[in-house]
Amino acid sequence: MTALFYGGDRSGVTALPRWRDRLVHLLLPAPCLACGKPLPARGTELGLCTSCRGRLRSPAAVCTVCALPLPGILPEEWRCAACRERPPAFDRLLALWSYEEPLDVVIQALKFRRLDYLGRHLGEAIAARWRDEMAAADLVVPVPLHWRRQLSRGYNQAERMARSLADCIGLPVLSALARRHATPPQTSLGREERRANLRSAFRVRRAAPLRGRRLVLVDDVATTGATLEAAAAVLKKNGAASVLAVVAGRTPREV
């Protein structure tokens with residue numbers, strides 16, 4: 001059974017995985033996940049060559065609340081119409097990169113090819129970029145998978161990212177959420193279907209101490225933000241003081 005808490009003490013935690021990755025790359029040279037070029041024996045961040053890592057880009061001008069990409073040059077602290085009319089349950093969504101090539105192949109490799117070390121790389125990258133924004137947080141909470149999906153996948157990619165992120169910023173990870181039922185993959189649904197798909201999808205674990213806590217909610221990708229919205233709503237309903245959502249990728253546009 002997954003423990004409710006994971007500690008945030010960094011001492012000696014990241015050194016061993018880094019050496020393990022280097023040893024694996026030395027013994028089994030790997031190609032770049034995006035272009036297929038051979039990677040150096042020491043390994044690389046995100047499984048990408050230098051050229052492909054340089055193609056990662058931040059999302060275009062976005063809503064300051066939900067990180068929805070919007071056309072044109074926006075004023076500082078601009079909010080989209082949806083966030084002005086109906087603010088989401090999370091206080092803010094921060095997205096590190098735009099979810100397109102080559103980030104998409106990295107995320108897919110993490111989720112479907114069992115390259116779980118990529119979760120650590122993504123968590124470290126998020127921590128490096130958004131450390132100041134997360135300085136006031138108390139706990140890091142991963143978006144959960146349903147137990148059947150996690151069993152078939154072998155792990156929860158958001159949890160892998162959350163552990164790494166928490167380790168970098170010195171916070172504990174709290175497995176506060178559970179899925180009530182298995183939902184169809186969000187990628188197969190439209191905007192309204194996604195929202196309906198996630199109604200009552202999450203519950204808070206009975207032992208989760210949320211009252212007055214400031215949370216960092218972690219997931220891999222945001223498309224419409226429906227998953228993060230549903231998870232944040234449950235956390236707030238159960239006493240969380242604030243929810244800052246962070247993801248590795250935000251889709252360039254809603255689909």
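Author: A residue is buried when its relative accessible area is under 20%. In this predicted model, buried residues make up 51% of the 255 residues in the chain. The chain holds nine helices and eight strands, and the discussion below concerns helix α5, residues 117-130.

Reader: Why is I126 called buried?

Author: I126 has a relative accessibility of 0%, and the limit for buried is under 20%; I126 therefore counts as buried. This residue lies in helix α5. Leaving aside residues up to four places away in sequence, I126 touches L96, R131, M134, M161, L165, V246, V247 and A248.

Reader: What makes α5 mostly covered?

Author: Eleven of the 14 residues of α5 are buried. Among them are Y117, L118, R120, H121 and W130.

Reader: How do you know that the span of α5 is close to the expected one?

Author: The expected span is 1.5 Å times one less than the number of residues. For the 14 residues of α5 the expected value is 20 Å, and the helix reaches 20 Å from its first C-alpha to its last.

Reader: Which residues of α5 and α7 meet, and how do they divide by class?

Author: From α5, the residues G119, R120, L122, G123, E124, I126 and A127 meet R160, M161, S164, L165, C168 and I169 of α7. By class, the contact has seven nonpolar, three polar and three charged residues. I126 and C168 are 42 residues apart in sequence, while their C-alpha atoms are 9.5 Å apart in space.

Reader: Why are α4 and α5 also described as oblique to each other?

Author: The axes of α4 (residues 103-112) and α5 cross at roughly 130° and come within 8 Å. Roughly perpendicular ends at 115 degrees and roughly antiparallel requires over 145, so α4 and α5 are oblique to each other. This crossing is left-handed. In the contact, L103, V106, I107, A109 and L110 of α4 meet L118, G119 and L122 of α5. These residues comprise seven nonpolar, one polar and no charged.

Conventions: Residues are numbered from 1 along each chain as its sequence is written. This is a predicted model: local features need pLDDT of at least 70, side-chain atom pairs count only at pLDDT 80 or more; totals for chains, interfaces and linings use all residues. Side-chain values use heavy atoms; hydrogens and water are left out. Helices (H or I, at least four residues) and strands (E, at least two) are DSSP runs, numbered from the N terminus. Buried means under 20% relative accessible area, exposed over 50%, partly exposed in between (1.4 Å probe, protein chains only). Contact means heavy atoms within 4.5 Å. Ala, Val, Leu, Ile, Met, Phe, Trp, Tyr, Cys and Pro count as nonpolar, Asp, Glu, Lys and Arg as charged, and the others, Gly among them, as polar. Axes are lines fitted to C-alpha atoms, for helices over the stretch in contact, and angles run from 0 to 180 degrees between N-to-C directions. Angles under 35 degrees count as roughly parallel, over 145 as roughly antiparallel, 65 to 115 as roughly perpendicular and the rest as oblique. A crossing is left-handed if the near helix is turned anticlockwise from the far one by less than a right angle, and right-handed if clockwise.
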